[in-house]
Amino acid sequence: MRAIEFQEYGGPEVLRVVDAEVPEPGPGRVSVDVAWTGVNFADLKARSEGYRVPALPHRPGLEVSGRVRAVGAGVTGLAVGQEVAALTEGGAYAEVVVADAATVFPVPAGVGLRTAATLPTVLPTAYALLHSVGRLQPGESVLVQGAAGGVGTVAGQLARAAGAGTVYGVVSSESKARYAREHGYDEVYVGDVEAGPGAAGGLPEWVRAATGGRGVDLALDAVGGETFRQSLASLAVFGRLVSFGNASSAEPWHVGQPELYPGGRSVGGFSVLTLAKASPAHLRALAERAFAKVVDGTVTLPVTAEFDLADAAEAHRLMGTRASTGKLLLRVG
């Protein structure tokens with residue numbers, strides 16, 4: 001079978017097409033003939049700096065859609081030929097991938113395999129950020145960093161559907177701002193969070209002006225570093241900040257009494273990959289609730305670019321420019 005791997009860390013050029021043996025599923029695992037593979041920023045961090053890479057060479061990729069090829073001992077509820085979406089620990093840039101049965105989900109009725117490939121990471125993540133961790137209540141305001149990305153696209157729609165009062169987004173360009181406004185956002189901050197245009201003091205001042213000095217009830221941040229601090233400073237009294245990544249590769253954040261006590265603020269965190277390892281039962285329940293929002297039409301996640309498997313490096317180059325919106329996919333099967 002064909003697969004994409006890298007033998008050293010670096011730019012997109014280190015991705016290579018290789019011939020590999022077809023993997024067989026062990027006990028409790030399932031192999032999938034891949035139709036589509038989702039491209040995530042975590043794949044770029046794996047390639048460039050070794051994020052979640054146990055050893056080299058390494059095949060990137062965290063999510064696929066396709067059909068069950070074989071099931072290992074002890075697997076129930078899944079059958080050969082069944083259409084599924086799967087969350088993997090890596091290796092999804094390949095024609096066949098193996099995943100734990102607990103993270104292989106039947107594709108909901110009415111959802112095609114192309115759309116199904118957008119579901120495993122983004123949908124459960126956005127749903128958990130707003131509901132399971134963020135505990136969004138009707139009428140509350142929400143601030144989302146990266147509002148035009150995959151998670152941001154879904155989060156804006158889910159927040160609107162949950163009755164959020166005002167949904168604010170942060171993006172890096174006017175074109176992304178237009179896209180965000182089409183996917184649930186009321187107002188969008190454009191530019192560097194430290195000193196954005198039209199907001200001399202940066203993001204917190206823009207948020208205070210937009211909210212009449214109050215701040216937002218819930219902020220979602222996948223960037224870390226200074227962006228994390230600016231998001232925290234944008235919170236209202238009793239506001240919550242949920243961290244779900246460190247795209248900036250900054251030093252781990254630290255928050256203590258000086259930042260949290262004065263306004264009764266709180267900070268939480270979420271990682272769909274960590275939840276998959278720590279509590280797959282919770283992940284399955286979360287995925288079922290999240291996938292239902294696609295079936296009932298609450299959420300759409302546009303696929304804005306697709307590439308052949310052999311052109312994975314081009315997908316990485318596009319995502320690395322930070323100019324892409326929505327979801328990027330690799331065509332495999």
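Predicted model: local features only at pLDDT ≥ 70, side-chain atom pairs only at ≥ 80, totals over all residues.

Colleague: Which residues does valine 267 touch, not counting residues up to four places away in sequence?

Modeller: Valine 267 touches Phe228, Leu232, Leu241, Trp253, Val255 and Leu260. Contact means heavy atoms within 4.5 Å. Residues are numbered from 1 along each chain as its sequence is written, and side-chain values use heavy atoms, with hydrogens and water left out.

Colleague: Where is the place of valine 267?

Modeller: In strand 13, residues 266-269. Helices (H or I, at least four residues) and strands (E, at least two) are DSSP runs, numbered from the N terminus.

Colleague: How does valine 267 count at its relative accessibility?

Modeller: Partly exposed, at 26%. Buried means under 20% relative accessible area, exposed over 50%, and partly exposed in between, with a 1.4 Å probe and protein chains only.

Colleague: How far apart in space are valine 267 and tryptophan 206?

Modeller: 21 Å, C-alpha to C-alpha. In sequence, valine 267 and tryptophan 206 are 61 residues apart.

Colleague: Switching to arginine 67. Where is it found?

Modeller: In strand 4, which covers residues 63-71. Arginine 67 is partly exposed, with a relative accessible area of 40%.

Colleague: What does the side chain of arginine 67 make a polar contact with?

Modeller: The side chain of glutamate 83, at 3.0 Å. A polar contact is a pair of N or O atoms within 3.5 Å; within protein, one must be able to donate a hydrogen and the other to accept it, and residues adjacent in sequence count only if both atoms are side-chain atoms.

Colleague: And which residues does arginine 67 touch?

Modeller: Leaving out residues up to four places away in sequence, arginine 67 touches Ser31, Val32, Asp33, Gly81, Gln82, Glu83 and Leu113.

Colleague: Glutamate 49 next. What is it in contact with, beyond its neighbours within four places?

Modeller: Tyr9 and Ser249. The side chains of glutamate 49 and serine 249 make a polar contact at 3.0 Å. Glutamate 49 is found in helix 1, residues 41-49, and is partly exposed at 45%.

Colleague: Threonine 118: buried or exposed?

Modeller: Buried, at 2% relative accessibility. Threonine 118 lies in the loop between helix 2 (113-116) and helix 3 (122-133).

Colleague: What does the side chain of threonine 118 reach?

Modeller: The backbone oxygen of threonine 115, at 2.6 Å. Not counting residues up to four places away, threonine 118 also touches several others, including Glu63, Leu301 and Lys327.

Colleague: And threonine 153, buried or exposed?

Modeller: Buried, with a relative accessible area of 0%. Threonine 153 is found in helix 4, residues 150-161. Among the residues it touches are Tyr179, His183 and Leu301.

Colleague: Now the backbone. Which residues does a cis peptide bond join?

Modeller: Leucine 56 and proline 57, with omega about -5 degrees. Proline 57 has its place in the loop between helix 1 and strand 4.

Colleague: What is the phi of phenylalanine 238?

Modeller: Positive, about 65 degrees, although phenylalanine 238 is not a glycine. That residue is in strand 12, residues 235-243. Phenylalanine 238 counts as exposed, at 62% relative accessibility.

Colleague: And what about the phi of arginine 322?

Modeller: Also positive, about 60 degrees, and arginine 322 is not a glycine either. Arginine 322 is in the loop between helix 11 (312-320) and strand 15 (327-331).

Colleague: Whole chain, then. How many helices and strands?

Modeller: 11 helices and 15 strands. The radius of gyration is 20 Å, close to the 20 Å that the globule rule gives for 333 residues, so the chain is as compact as a globular protein of that length. The radius is taken over C-alpha atoms, and the rule is 2.2 Å times the number of residues to the power 0.38.

Colleague: What share of the residues count as buried?

Modeller: 54% of the 333 residues. Among contacts between residues at least 6 apart in sequence, 68% join residues at least 24 apart.
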